[in-house]
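Hello,

The structure is below, followed by notes on what was found in it. Please read the notes alongside the coordinates.

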Amino acid sequence: MFDPDIAPSGTLLGLLQRGRGDGTLHALAAPRAEAHAALNDSVLRDPRRDWQVENRSLYYARLYMQLDGGLEEIERHLFHPDDLVDTGEERTGLALAVLGHLAAYGRDAARLLLRSYAAAGSNWRWALDELALRDDDAGLMSLAPAVLARFPDTEEGRAELGAAVRDAFEPRPWRLWAEDPRYAPRLAAAGEQGSFDRWQRQLRPRGPRPGWSVTEVLQWAQEGLEPEHEDHRHLAAARCLGAVAGPEDRPELLRTARSGPDTARAAVLHHLAERGDRDVLDLIEDTVGCPLTTEPLAAAALAAFERMRSVAAVERARLWARRTDRLGGSAAAMLARCGAQRDADLVLAALRRTVREEGPDADGLWELVDGVGRLGVGCAAPVLRHIYRETSSSHLRGRAAGALAATDPGFAAGFAVECLWDCEETTRELAARHAATGDDRVVEQLRRLAADPAEEAEVQTAVRSRFGPEAQGV
């Protein structure tokens with residue numbers, strides 16, 4: 001996760017950074033120099049809260065096409081000296097993905113820029129994957145000498161080449177090069193090494209294993225913790241408890257849950273919650289409410305509660321949801337997922353409180369937004385509109401749009417229209433099903449989405465569902 005510097009939502013830059021449909025509409029109406037500057041800023045300084053799941057590349061590529069924007073700024077960014085020292089994918093990944101879409105749209109300059117970067121850039125694997133989807137065989141063959149030169153003919157170089165072939169997201173270039181007699185021996189050996197590495201990983205034990213009793217599992221949970229595995233050890237231990245614990249072990253489990261070491265306690269709470277033990281809700285409340293409880297243990301206890309789906313858990317959530325602490329937040333989230341219509345006021349109160357105290361990007365908003373939509377809480381529309389406008393997360397904005405579709409009678413003629421230009425395909429799909437067609441812009445954009453080969457099939461299906469047989473050309 002990143003904490004990007006996001007401009008205010010009322011500015012052109014802020015709209016583009018968020019990937020909102022209004023960003024495209026405002027950019028097309030703004031002076032070209034201002035629009036180009038805001039677009040380049042968004043692409044070169046990735047604004048996404050989670051760059052691995054949020055979509056922006058197609059959104060920005062379409063705007064480059066509509067603005068007839070040049071690629072000089074992207075080129076300077078890719079080949080800046082920083083590329084030699086900052087080799088993380090997040091620095092260049094968005095720009096490379098935008099170039100990939102532009103190449104698919106027929107921008108030869110984008111394809112040539114990807115080839116140049118694949119030959120010389122630090123994030124060459126990403127560029128090569130983009131080209132694997134869009135370039136012809138001749139273009140990919142021209143890259144073979146530069147890419148293979150990255151792997152010297154040493155033991156270490158051969159191992160790195162084997163890993164690159166094995167882990168390639170798009171294998172097409174490697175398969176193409178393997179058919180060339182000049183590279184076939186090296187790549188055949190690399191492929192064999194990759195297969196051998198996979199076989200070894202399957203056979204090799206991944207670390208110490210617990211003994212086959214409750215006591216041994218709990219000891220294993222707490223012993224030999226490594227920082228990178230500490231967060232997940234209690235989950236593995238809980239799975240082991242599910243295999244070895246019987247009714248006779250319940251007293252030991254309860255003692256551990258009350259006063260054992262943190263990781264063992266977390267494992268037991270998770271195990272008891274999975275089985276709906278009659279005492280686990282009290283144990284969770286005591287754990288989270290104790291001022292001496294460490295943060296990892298409190299988080300594990302809350303996670304154990306949030307996984308429960310029993311009637312008893314929902315009834316307890318109705319009592320806890322009025323609390324203003326973390327346990328109250330988890331309880332409200334459970335009611336958002338599993339509650340009945342009578343829980344609508346509690347979910348709405350939690351939604352308003354979370355926005356007021358933590359802002360429109362709070363982690364706890366996701367399920368609450370879904371919940372008010374599921375429960376059809378009409379008076380939630382104002383706070384949902386606020387979240388829609390202000391959040392920097394395009395996924396949360398899409399959730400807010402879905403909830404507005406269920407609660408706001410004005411959604412079809414309002415936010416649904418701009419959602420047709422949104423960066424997330426699920427949000428565009430929602431808009432394609434709801435946007436009122438009285439606006440000429442809506443019909444025109446629906447036609448574009450239906451004809452765009454880069455558009456997702458679900459969006460195009462939603463577009464076609466809006467029109468009868470007489471309008472199949474839309």
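**Cysteines**

With a relative accessibility of 30%, Cys338 counts as partly exposed, the class between buried (under 20% relative accessible area) and exposed (over 50%), using a 1.4 Å probe and protein chains only. Cys423, at 3%, is buried. The sulfur of Cys423 lies 10 Å from the closest cysteine sulfur, that of Cys419, which is too far for a bond. The structure contains zero disulfides, a disulfide being a pair of cysteine sulfur atoms within 2.5 Å.

**Basis**

This is a predicted model, in which local features need pLDDT of at least 70 and side-chain atom pairs count only at pLDDT 80 or more, while totals for chains, interfaces and linings use all residues. Residues are numbered from 1 along each chain as its sequence is written, and side-chain values use heavy atoms, leaving out hydrogens and water.

**H20 and H21**

Cys338 also belongs to a helix contact: Ala313, Val314, Ala317, Arg318 and Trp320 in H20 meet Leu327, Gly328, Ala331, Met334, Leu335 and Cys338 in H21, where contact means heavy atoms within 4.5 Å. These residues divide into nine nonpolar, one polar and one charged (nonpolar: Ala, Val, Leu, Ile, Met, Phe, Trp, Tyr, Cys and Pro; charged: Asp, Glu, Lys and Arg; polar: the others, Gly among them). Helices are DSSP runs (H or I, at least four residues), numbered from the N terminus.

**Leu148**

Leu148 sits in helix H10 (residues 144-148) and is buried at 5% relative accessibility. Leaving aside residues up to four places away in sequence, Leu148 touches Leu161, Trp174, Tyr183, Arg186 and Leu187.

Regards

Terms used. Helix = DSSP H or I, 4+ residues; strand = E, 2+ residues; numbered from the N terminus.
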